[in-house]
Structure formats: structure tokens, C-alpha cells
Amino acid sequence: MKNKLMIVLLGVFFLGFGLLSSQAATNSLPALKVGFLCVGPVSDMGWNYTEQQGKVYLEKTLAGKVETVFAESVHESAEAERVMEKMIAQGCKLIFAASYGYLEPVLRVSARHPDVTFMQLSRFADKNNIGTYFGLTGEGFYLAGVTAGRMTKTNKLGFVGSHPVPSTLWAINAYTLGVHSVNPKAKVKVVWTETWIDPVLEVEAAKGLIDTGIDTLAFDQSDSLPIVKAAESKGIKVSGCYADVHQFAPKQWLTGPNLNWGPFYVKTCQAVMDHNWKNGVCICDMGSGVLELAPFGASVPEPVRKEVLALKEKIKSGKLVIFAGPIKDSQGAERLSAGQKPDIQWISKMNFFVQGIDGNLPKN
Amino acid sequence: MNIEIGEFLIAVSAGMVRSATPVLYATLGEIITERSGILNVGLEGIMLVGAFTGVAVTYNIHSIVLGLLAAMLVGLLMGLFHALLCVHFNANQVGTGIAMSIFGTGLSAYLGMDYVGKQINALGACKIPVLSDLPVIGPIFFSHDVLVYLTYLLVPLMAFIINRTRIGLTLRAVGEEPRAAAAAGVNVVQTRYLATAIGAALAGLGGAYLSLAYAQGWSENIAAGRGWIAVGLVLFASWSPFRALIGAYLFGGAISLQLRLQAAGLDVSPYLLGMLPYVLVIVVLSISTWRRKNAPSSVPTALGLPYIPQV
């Protein structure tokens, strides 16, 4: 009796093994499985939405070669570690960690899996399997600033800021430099919401700015629609951030930065598949093709469009550096001397307002 | 200069009324619920589901009135469910409320994904003849939409019903001494069901105000904690509709003031200013509780306690 049972069990065991190995054979078809972590909902029509769009582009371009696993609203904590471990268990060999606070979990997971490649947003890590990438929207904000500087009639512009951290300051400062390059009389006013996403507060902040007589709005919250819609209904010109949402403000839309991650994802995946990926820093700006300019709104006249597009070409070819010395802060102190060009280390430590911003940077 | 300060104060006050309205609806609703002895801390979830329902219905049926009614109806159903658990099954009211809040947050985020970026006709401002043209009062109180004007009627109406009518007496009796009320022939279970449902319907309406009047569309977690503020404001208001109005205006006024102080270029940390509404709620809450220390408490005696009829 016992022997018969053993034979049956052995049979089941081998059968199962055979099934499993055939399963493994079909699973190994795509050359690369890629995981994506993003910090918010992809439905924000902003930062997280652009990441999902890039994933769709990647799947189309490298169809059959690449498979993706996508996780949204992943908290910057041990939660991220768990999600990444699960992705690796599913066979992911490349993981994009698209938020600032993922570095600590990435460091822990990457130490356990030296064969997996990690791409960390905005943070440096001195490890063989961790690369760093930056999504720098500053040049897009600069061009939006040029457009706004040309379009404003009151010479008062408003910016609804999220948190006063380097990446946000980079956006606000670039915007102001753009405004000033064509309209030195204009002043930019900043109101902070201290949230990445709170639609009601954003609308109230925008209304507060509108009460002071501004006629042009910009913002950097991770969701785009509340401010854009409020501007449209109040008759205030508005530029976007991260994603192109011009259809929500047909009358008042100017332009804005538009992140197009697709080609960058494809390039990185190709490098990993060809075994020539190296850990380094990828700057995703206009020159790299990741940062684009959103289409102009109907109210932007032809001469302004031509001027802005010409500037865009200059930026792309490297002839125009938007943050070129001399740069003075709002207190008048020189932050960058003549002829000096900032590097990514300098940008990622930015802690001042440039001249032209009405008000001082809050001290923490 | 004086004209400028005047304009600034009018702008702050108008923003105060606007920011206060959604919280005020939820607070008024919770007052009705708590007066019957049921505690519903799930307002945040109910507001979120209301905000989503408002957008979904307005988008599909192209009627903002139906959108608002649907938000109230869904709030009503969530209230009935809360009552089912707390009144029928005598579940712990705090636990049920927190579960309701988490459930509403998740459900609205899940269902709402398809409605992000959908264009809807938002609730616009409308003028009231004579009143809107008054100096100072006009721009502050009568430059808004219908739902704001409705609160001006709802607050005195609710105060009248609670304090001066038989319905109000029944409601208070159920919240204070359910057994005595039952002995006097009041249907305690029915009253509690109704009060919880109506209260949650008002919270749903407050949520719909966020998405239909403010943000003009759905975005995930649009309430951003306002439901919890409403629960706190009920304590501050000591279950009185008029005090709820004052509390909501203090909260809304602090939000409006801090944003406009920033816009005016005041050199104070926005983090400090951002804390203002919450600090204000805590301070006023502490003062009002401390002042009442020796006076008879206004907490409904049976609040949060299950009602088990005597056999």
C-alpha cells in the first residue's frame, strides 16, 4: 500500500516538474522584463501619467522583446522594497524607480540582486547596478516663461509652487529667467501650497494670486487639471507642467514642458539587452529628446511661436544655456559668476530665488 | 492704501466662504447624525464617494442637478450602511467609521480612474438681484454659487428644527436617553437610521461641491483630509449649527488668509502659515472645551453607545 502511494506521489512530482519546466520555457521568450515604480496615480495627467505613457511607447517599440510590470501609487518606504522584490521574483531584470525617496529601498534590494539593473530618479548612488536619471523640466519652463513674458499685459505673473525643494526651485527660476529674457519689467509672484496634490487648495491659491492682478499662471503640482481649468474659467493665461493638457484650456493655454520618456526607456532597455549598460548619470532634458515643448495655445501669435521655437532649437543644440552666469539671487548676491555653467550637482542643491521673483524664499 | 487693505480683506473673506462651504456641509450632516447618538467618523470616505459620483453622473447625464442629487443619494446609502452596522448589529462606531473612510477612499480612487480629465459643466457663480450688488456684503457672501447660498438657509433652518420642533426634540431625546425616548413611544432605531442617512447625504453633497464647483472634475483623494476636519469641527461647534458655521468660516478663513498673505508678499514661512487652519482648530477647540469645564456638557449623552432595548 505504502509503495503504491510512493509511486503515485513520484509520478505527480515528475509530472509537475515537467509542466513547470515547459512553463519556464515559454516564459523565457521576451529578452527583458522591465519593472516601473511610480509614486502617485497615473491618472494625475501629470508626472505619473507621463511615466505610464513612456511605458506604452516602450511596449510598442520593442514589442516581443520587452515585457513590463507597472506599479502605481507605491509609497516611498519598505512598501517599495516589497514591490521591487515581487517584480524581481516575476523575472524583472531592469527597474525604473521614478521617485526621489525610492533610493533607500533601491540600495537594499540592489545589494541582494547584483544581476538586476536599477535606474533611480534624481539621486546618486555609487553602486555598479544603480544608474541615476534626472527629468529636468527647467528648459521647458524657461520657454513657457518666454511665451508668458511676451503675452502678459499687466507684467504680473503668478506661480503656484508645491514644495520649496531644489527641483521646484529649478522650475520656478527657469520660468522667471525666461520671462525676464524678453520682459525685464515683469515680476513673478509665488504662492506655495506645500502639497504635491490637493486640487482644492491649488484652485484657492490660484484665485488668491488672481486677486493680486496677475494675468498669467504657472504651477508645478503633480496634477495638472485643477489650476488649468480654473485659469480657463477665470480668463487667465496658463502654462502647464510635465504633460500636455492644452485641450482643457482651449482659450487660455500657452505652452509648457512635456515629458516624453519613451525613447529614453527604449535606449536604456536596449543597452541592458546588449550587455553594454553602464552605471552613470542620464540627464533627460531637451538635448536628450525626453523633454519636449507642449503645443501652443490658440492665443499665442505667430511671431511669439517662431521666437520660442527658435530658442528651443538653440537649447537643443547646446547654443543656449538657460542657467548661464552671471546669476544673482533675489537678495542681489551673485550665485553664479559670468561664464560659469552649472552642473547637475549644482542644480540638485539649488536653494535660492533668482532676481525677478517678487518675494523671498521661505526659510525652513 | 486703505482701499487696498479693504480689497484684500474682501478677497480673503470671499475665499473664506468658498473654502468653508464643503466642510460646512459635512459638519452640519455630522451634527444631525451625532445628535441621534451615532458617531460617524467616515465622513472623509463619504465625501470622496460623493465627489466621484457627482462627476460621474454629471458627465454621463449632463445634468449638474442630477449629479448633486446622486452624490446625496450615494452618501445616504453609505449612511444607511453605517447605521445598519452600528444600530442593527451594535458594531463599534469608531471602527465602523474608520472602515467606511478607508473603503470610500479606495472605492472612489478605483472607480474614478476612468473619469480623470473628463470635461464637465462645473457649477458656476450666479447673481442674486440686489444682494449681489451690495457693497462689501455682496462680493463676500453673494458672489458664489447656489450651494453656498443654500448654506445661509440651511444653518438657521437646522437650528430651528433641532431646538424648536417636535422632530428636533425626538432627535435630541434619542441621542440623550434612548431608553426614555423609547418608553415615551419614540422609535429609536428608525430615528437613528434616518439621522445617519441624512447626515451622510449632506457629507456626500459637500464632497460633490469639491469636485463640481471647486476642481471642476475628479481627481484622486480630492477631499485631502477635509472629512476629518469636519469631525473635529462638530466638537468645536458643540453640536450647534450656528457654531458650526463659525468654525467652518474660521477654518476656511485661515486657508484663504494664508494663501493671500503669501500672494501679498508677506515674508513668513509658508509652512508656518499652512499650519494656521489646523492650529486654529486645535486652539479654539481647547478653549471652548476649557470654558465649558464647569458648565453642563453639551455632548449627547448616548453618543457612540449602542442602544439595546430593555427586554
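Predicted model: local features only at pLDDT ≥ 70, side-chain atom pairs only at ≥ 80, totals over all residues.
Chain B is built from helices: its secondary structure comprises twelve helices and zero strands. Read along the sequence, the order of elements is accordingly α-α-α-α-α-α-α-α-α-α-α-α. For chain B, a radius of gyration of 20 Å was computed, close to the 19 Å that the globule rule gives for 311 residues, so the chain is as compact as a globular protein of that length. The C-alpha trace of chain B spans about 70 × 50 × 40 Å along its principal axes.

Burial and contacts within the chain were also computed. Of the 311 residues of chain B, 49% count as buried. When contacts in chain B between residues at least 6 apart in sequence are considered, 80% of them join residues at least 24 apart.

Chain B also touches chain A. In this interface, 29 residues of chain B are in contact with 28 residues of chain A. On the chain B side, at least two residues each are supplied by helix 1 (2–35), helix 9 (188–214), helix 11 (241–263) and helix 12 (270–291). The most is given by helix 11 of chain B, which contributes six residues to the side that touches chain A. By residue class, the side of chain B that touches chain A consists of 15 nonpolar, eleven polar and three charged residues.

Key: Residues numbered from 1 in each chain as written. Chains lettered and ligands numbered in written order. Helix = DSSP H or I, 4+ residues; strand = E, 2+ residues; numbered from the N terminus. Rg over C-alpha atoms; globule rule 2.2 N^0.38 Å. Buried ≥ 20, exposed ≤ 12 C-beta atoms within 10 Å, placed from the backbone. Contact = placed C-beta atoms within 7 Å. Nonpolar A, V, L, I, M, F, W, Y, C, P; charged D, E, K, R; others polar.
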